[in-house]
Amino acid sequence: MTASILIEAIQLLIVALAAPLLVGSVRKLKARLQGRRGASVFQPYRDLRKLLVKEAVISENTSWIFRFTPYLVASVMLLSSLVVPMLTTRTPLGFTGNIIVLMYLLLLATFFLALAGLDAGSAFGGMGSSREMIIAALAEPTVMIAIFAIALRVGSTSLDEIVRRGADDSLLLLNPGHLLAFVAFFIVALAETGRLPVDNPATHLELTMIHEAMILEYSGRHLALIEWAAGMKLFLFLTLLSNLFFPWGVARTLEPLPVAIAFAALALKVGALAAAVAILETSIAKLRLFRVPELLSGSFTLALLAVISFFFVR
Amino acid sequence: MIDLNIVSRQLHATALGLTDIVMRAPRQVRVTVKREMIPALADYLRDRFGGRPELILAEDTRTQRGEFTLRYIFELEGADVFVVATAFVPEDDRTFPSLATRWYLASRFEREILDLFGLRPVDHPDLRRLPLHQFWPAEYHPLLKDASPPDKFVDDGTPYPFRHVEGEGIHEITVGPVHAGIIEPGHFRFSVEGETIINLESRLYFVHKGIERLFETMTPAAGVELAERISGDSSVAHAVAFCQAVESLAGVTIPPRAAYLRVVLLELERIYNHIADFGAICTDTGFAFANAHAMRLREEMLRLNARLVGHRLLRGALVPGGVRCDLSQSQVRDVRTTLARVIADFDEVVDIAINNSSVLDRLHGTGHLTEKTARDMQVAGLVARASGIDADARRDHPFAAYGHLQVNVPVFNSGDVWARMMVRVEEAHEAFNLITRALDALPEGKILEAIEALPAGASDFGLVEGWRGSIFHWVVAGEDNSLSRVKVKDPSFANWPALNYAILKNIVPDFPLVNKSFNLSYAGNDL
């Protein structure tokens, strides 16, 4: 029992502490790929520290939603980190949370961010919220179907179960449905976490923003919480991608050694995916907004094919 | 081919009551026209020569002759001839006939004259304020010689009367004047249906600094320094335009070596701006890779500039009568090697960017400015050349040493962001070629001709094709080597309204990209 509480605490700490590092690493790698030196990988920590000591300016026209949202978003990310099988397949809270709960937890955060974007009544917030909702509405079905493609094979929507069964299956990567689902899920992860080609996290152009436009009114500690939560969301999605689709190295017990191996494996896999994100963001431009639905429906099709392939390819 | 003699003869033959028809080599015919005959003259020039007013300005000449002076500079289609028409407005009837319904650009010059001089264009359909915002006192016209600023400005909160678009599902998005990036201030009001823009109105002049008035307190030598600061990225172009006007007033021809060096300086300015804009357009599509390298190459150019003249933006290199900095043999070699390296790298970056389908998808068809609209708005410079208008003052009205160098003018017809980007790419190459040719042919000799005091009351203009487009400086000399009036026209003044048309039917998130492809100057417009 203590071991499982400990492992939960470790997972929580990993997500909470490593998220800024992940964001910083993606930025650093992008800078290197562009031929720039780039800021230190620890810069996001400094940014957060700076934001935390700065004054939070809140518009007089906002309601409680505006003040509540940063805390909600950050808590949702922390809570999600207890559900996602990160180091071991024996996530103690795993039984309460399956994939569906996880997805709707994340959606709850998105929903409140969109509300907060509307709350201040600025033109940009409204624009950001409306765009975010379009993307969320298109991305959610894909996430569900991509997950179902794997869940069908395992016969369970429990994340722990999916990872455990996947780890046993050595021919996993040769399964076409599995690969299709991975690509579909990867595209959706980019959309959900506001990366290129859907959204540009590095832009200063208010009119093109999606995620950034929603949080344009935030400052100080509120902004710090939201930035931190955005980092955690990226970390969670990359973890899901790693462990659902490449479940190698995930510990099946709570022994120290397998957990240590699992930690190293996680760092490697998330690092590799982060590098993939950085390379992708360097080599493509942002899609025109009205092309985003095309991309997401493409990813939806892939997910659907993944499900169908389950019935034909065993 | 229409030349000065033909135009002058034909103007003599008209029944427009023109007086003082004078030819001024190399490319001016000056006429004096009665105030009420201005529209008739404009119609005649338009119908007979394809003429259009490129610059309209007022001068407060009440102390000299008891009345105001209006100047109209007409450019004639396909000819290296300008007709400069002068008309007078009496002090007790401060009105003049409007050309606003004939040319949109004229309507904006006339609004400017109304704000700054209080001369009222008659039958002008849109007399909303232009350079002065609503809080300026109605009776204060800052360019009148006897104007004194009010004790304090009171903003009574009167809003600018924007055009409102009404209809189901249409809403307004207001952007600026303060933006998220480090750019100049401008207010944009979009009327959108969903994400599609159906109207855009821009309100500029937040950085109206009274530059034209400031010129009037300066000597011509000091004026160059102000001209260099009109728009930071066009330092050389504005300075050359100003110097040309002053030299023409003084009747001085600059030494050949100075003329060639001016070409080198102008083209250096063009290259660094075009490279930077290429990168900026790419970064607005989200393709930051190209921008990182464009910025590196721009930095190499700026450092080259600093090595040549001691200033990264090439300030301080120009003086009336020539140039201040000569190039040594080793500097010439430095220019050649640095440029060759920069252009080679630039080619590589351009290749990577324009072979990337996701970048191309953002550029093609975005922000389409039709040739018709571009002509109607009298758009200038690279924006015009991207919309199929084959015009470039370096070739059509040669100045400095451009007459001796072959200038190739790239023209694209698609009028979209892609075309504006590719005009820049081609022009950067052409600038490289021109510098090479100018350095090959660089004559020996002095670089500066002394300039005596200017004859009081004399006036002339300088025309330069800067990297953004054609720049006019109209300079009137005053008593004792002073300047009594300087009027500046930056291409941004003509091009800003065209942006409002190019953006129609595009979506809101594409506005920054289209705006960047125009890359107009706020400072140069607001003055």
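Two strands are taken as paired if DSSP finds at least two bridges between them, and the legends below apply that criterion to a predicted model.

View 1. Strand S4 (residues 67-75) and strand S5 (residues 82-90) of chain B run antiparallel and are joined by 9 bridges. Within this pairing, Ile73(B) has Val84(B) in S5(B) as its bridge partner. Helix H2 (residues 38-49) of chain B packs on the sheet, where it touches S3, S4 and S5 of chain B, and its direction makes about 170° with that of S5(B). Helix H4 (residues 104-117) of chain B also packs on the sheet, touching S3 and S4 of chain B, with a direction at about 5° to that of S3(B). The sheet as a whole is open, with 5 strands in the order S1-S2-S5-S4-S3 (chain B) and mixed pairing. Strand S1 (19-24) and strand S3 (52-59) of chain B are the edge strands, each of them pairing on one side only. From one strand to the next, the twist averages 20°.

**View 2. The antiparallel sheet of three strands in chain B.** Here 3 strands, in the order S13-S14-S15 (chain B), form an open sheet with antiparallel pairing. Strand S13 (459-465) and strand S15 (483-489) of chain B each have a single partner strand and stand at the edges, so one side of each is left without a neighbour in the sheet. The twist in this sheet averages 15° from one strand to the next. Between S13(B) and strand S14 (residues 470-477) of chain B, which run antiparallel, there are 7 bridges, and Val464(B) stands opposite Ile471(B) in S14(B). Helix H7 (residues 235-250) of chain B lies across S13 and S14 of chain B and runs at about 145° to S13(B).

**View 3. Chain A, a chain of helices.** Chain A has 11 helices and 0 strands, and its elements accordingly read α-α-α-α-α-α-α-α-α-α-α from the N terminus on. The radius of gyration of chain A is 19 Å, close to the 20 Å that the globule rule gives for 314 residues, so chain A is as compact as a globular protein of that length. Its C-alpha atoms fill a box of roughly 55 × 45 × 40 Å along the principal axes, and 50% of the 314 residues of chain A count as buried. Of the contacts in chain A between residues at least 6 apart in sequence, 80% join residues at least 24 apart.

**View 4. Helix H4 of chain A and the helices that cover it.** Helix H4 (residues 99-119) of chain A, with 21 residues, reaches 30 Å from its first C-alpha to its last, close to the 30 Å expected at 1.5 Å a residue. The buried residues of H4(A) include Leu102(A), Leu106(A), Ala109(A), Phe112(A), Leu113(A) and Ala116(A). An α-helix has 3.6 residues a turn, so residues three or four places apart point the same way. Among the elements covering the buried residues of H4(A) are helix H3 (64-83), helix H5 (123-154) and helix H9 (220-245) of chain A. Just after H4(A), Gly121(A) takes a positive phi of about 75°.

**View 5. The contact between chain A and chain B.** This contact takes 21 residues from chain A and 26 residues from chain B. On the side of chain A that touches chain B, the residues divide into 11 nonpolar, 6 polar and 4 charged.

Conventions
Residues numbered from 1 in each chain as written. Chains lettered and ligands numbered in written order. Predicted model: local features only at pLDDT ≥ 70, side-chain atom pairs only at ≥ 80, totals over all residues. Helix = DSSP H or I, 4+ residues; strand = E, 2+ residues; numbered from the N terminus. Rg over C-alpha atoms; globule rule 2.2 N^0.38 Å. Buried ≥ 20, exposed ≤ 12 C-beta atoms within 10 Å, placed from the backbone. Contact = placed C-beta atoms within 7 Å. Axes fitted to C-alpha atoms, helices over the stretch in contact; angles between N-to-C directions. Nonpolar A, V, L, I, M, F, W, Y, C, P; charged D, E, K, R; others polar. Expected span 1.5 Å × (residues − 1).
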